[in-house]
Amino acid sequence: MLTITDYILGSVGFKIPTSALTVILHNRGIAEGTDVSTLSTQTKELCVADALKWGVTMVSGNKRIEDKDADWAHAETIGFVTTADKTQWKKIANEIYVKYGEAQISIGFKIHSL
């Protein structure tokens with residue numbers, strides 16, 4: 001059996017904390033552990049869009065870690081989310097939201113003149 005949680009995690013290219021997955025499922029009225037085969041394509045796609053929307057809120061950037069000891073040295077870069085990643089995730093999520101008549105992701109604010 002494939003659960004909706006496993007389906008979501010397998011559909012996006014990043015880790016999502018359990019707390020975020022719980023909120024996504026709660027907002028869609030889905031019980032944790034639900035067999036994905038019992039859900040409509042629309043529900044599954046909207047859950048993935050919600051996960052991508054959550055991903056857009058992650059911190060961008062990367063971090064370089066270096067270890068040195070006498071003649072030994074090791075360095076690695078741990079990648080985080082890039083702005084390009086977020087842009088792509090937002091685009092995919094918005095395509096799903098539009099497909100099913102839901103509001104698109106809008107990040108930022110608009111200034112309205114009085």
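A residue is called buried here when its relative accessible area is under 20%, exposed when that area is over 50%, and partly exposed in between, with a 1.4 Å probe and protein chains only. By that rule Asn27, with a relative accessible area of 57%, is exposed, and Asn27 belongs to helix α2. The C-alpha atom of Asn27 is separated by 9.3 Å from that of Cys47, which is 20 residues apart from Asn27 along the chain.

The model is a predicted one, in which local features need pLDDT of at least 70 and side-chain atom pairs count only at pLDDT 80 or more, while totals for chains, interfaces and linings use all residues. Residues are numbered from 1 along each chain as its sequence is written, and side-chain values use heavy atoms, with hydrogens and water left out.

**Overall architecture and confidence**

The chain holds 4 helices and 2 strands, arranged along the sequence in the pattern α-α-α-β-β-α; helices (H or I, at least four residues) and strands (E, at least two) are DSSP runs numbered from the N terminus. Of the 114 residues, 30% count as buried. Among contacts with a separation of 6 or more, 54% come from residues 24 or more positions apart, where contact means heavy atoms within 4.5 Å.

The predictor's confidence in each residue, pLDDT, runs from 0 to 100; its mean over the chain is 86, and 82% of the residues reach 70 or more. Helix α3 (residues 41-55) has the highest mean pLDDT among the elements, 97, whereas strand β2 (residues 72-79) has the lowest, 62. Where pLDDT is low, the predicted coordinates should not be read in detail.

**Helix packing**

The table gives two helix pairs, with axes that are lines fitted to C-alpha atoms over the stretch in contact and angles that run from 0 to 180 degrees between N-to-C directions.

| Helix pair | Angle | Axis distance |
|---|---|---|
| α1 and α2 | roughly 115° | within 11 Å |
| α2 and α3 | about 135° | 10 Å |

Angles under 35 degrees count as roughly parallel, over 145 as roughly antiparallel, 65 to 115 as roughly perpendicular and the rest as oblique. The angle of roughly 115° between α1 and α2 therefore makes α1 roughly perpendicular to α2, and Ile4, Thr5, Ile8 and Leu9 of α1 meet Leu21, Ile24 and Leu25 of α2. At about 135° between α2 and α3, α2 is oblique to α3, and the contact is made by Ala20, Ile24 and Leu25 of α2 with Cys47, Asp50, Ala51 and Trp54 of α3.

**Aromatic residues**

Rings of Phe, Tyr and Trp (its six-membered ring) pair if their centres lie within 6.5 Å, with planes under 30 degrees apart counted as stacked, over 60 as edge-to-face and the rest as tilted. A search of the whole structure finds 2 aromatic pairs. The ring centres of Phe14 and Trp89 are 4.3 Å apart and their planes stand at 45°, so this pair is tilted. Phe14 lies in the loop between α1 (4-11) and α2 (18-27), and Trp89 in helix α4 (residues 83-99), so that the pair links parts of the chain 75 residues apart. Phe14 is buried at a relative accessible area of 11%, and Trp89 is buried at 13%. Together with Trp54, Phe14 and Trp89 form one aromatic cluster.

**The segment before α1**

Thr3 lies in the segment before α1 and counts as buried, at 14% relative accessibility. Leaving aside residues up to four places away in sequence, Thr3 touches Gly33, Thr34 and Val36. The C-alpha atoms of Thr3 and Asp35, 32 residues apart along the chain, are separated by 4.6 Å.
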